Structures are given as structure tokens and as C-alpha cells.
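Thanks for coming, everyone. I'll keep this short. Please look at the screen.

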Amino acid sequence: MGNANEPVTVIITRLVRQGSEAAFEDAVKTFIPKALAFPGHLGVHMLRPPPGERDYGAVLKFRSQSDWDAFRQSPEYLAFLAEIEAYLERPQGVERLCGLESWFTPIGERVTRVPPRWKMA
């Protein structure tokens, strides 16, 4: 799935416990500036659920696979995960995409077959 030096897109989905939405959002708002300061982090886009639902999404971009690996093993990220664990109904879902495949995959859908690179031009 791509080489180690190309940008990586990470899609994280989290089902937040009913009544914990505000606390979860506060924790995320506090953590985002720390995440953006991490080397190789290229940005984050947060997706709120539609009214009446509790599935939150985050689309993160990293310069490379090694930057994503370093970020997810960092003490700051691990502390953030520990902080939000109480707000989640189940463990978060994490999907890593490389190259242009992230343009062609709806959020929340699994990538089952990536088209050849020449078809993504």
C-alpha cells in the first residue's frame, strides 16, 4: 500500500457514549493544537455526527508512515486516548490510506480493493 515516504491519511471513527458528547468534544479541542505541533502532522479535519447520532470522525494527514507511527506512539497521543476512553462506547476504528485512494473511499467504508495507480491519475 504505497511507499513509506508518501503522505498518509488516517481515518479515525469513534462512537461516543450518550451524554458524553460535550466532554469528548472539549478533550478533542484541547488536544488538536498539540497534535498539529507534532512533526510530520499535516492537518486534521473533524467530522461531527448528524443530529441524533454519536459517530464522530477525524481525518488526519501525515507526511509519511513513519511520522504517523511516531505520532501514535507518542506519550501525548497515548495520554489523549486514555483520557477519551471513558467517553467511548467501543474502541476507536482506525483506517490508514496512502496516496490517492483516500479520495475515492467514503469515510467509514473499508478499502477492499485499491485500483491501480494509473487508474487514479
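Which residue forms a salt bridge with Arg72? Asp69 does, and the closest N and O atoms of the pair are 3.0 Å apart. A word of caution: this is a predicted model.

Let's stay with that pair. Arg72 and Asp69 both sit in helix 2, residues 65-72. They are three residues apart, about one turn of the helix. Arg72 is partly exposed, at 37% relative accessible area. Asp69 is partly exposed too, at 22%.

The count of salt bridges comes to five. Here is another one: Glu25 with Arg48, at 2.8 Å from N to O. This pair links distant parts of the chain, 23 residues apart. Glu25 is in helix 1, and Arg48 is in the loop between strand 2 and strand 3. Arg48 counts as exposed, at 58%.

One more pair. Asp67 bridges to Arg63, with the closest N and O atoms 3.0 Å apart. Asp67 is buried, at 11%. Arg63 is partly exposed, at 45%.

Now the inside. The structure holds one cavity of 30 Å³ or more. The largest cavity has about 120 Å³ of space. Its lining has 14 residues, and the closest to the centre are Phe31, Val44, Met46, Leu60 and Phe80. What kinds of residues make up the lining? Twelve are nonpolar, one is polar and one is charged. Helix 1 gives the most, with four residues. Strand 1, strand 2, strand 3 and helix 3 are among the elements that each supply at least two.

Conventions. Residues numbered from 1 in each chain as written. Predicted model: local features only at pLDDT ≥ 70, side-chain atom pairs only at ≥ 80, totals over all residues. Heavy atoms only, no water. 1 Å grid on protein atoms, 1.4 Å probe; cavity = no way out; pocket = protein on both sides within 12 Å on 5 of 7 lines; lining within 4 Å. Points joined across faces, edges and corners; volume = space filled by probe spheres on them. Nonpolar A, V, L, I, M, F, W, Y, C, P; charged D, E, K, R; others polar. Salt bridge = Lys/Arg side-chain N within 4 Å of Asp/Glu carboxyl O. Buried < 20%, exposed > 50% of the residue type's maximum accessible area, 1.4 Å probe, protein only.
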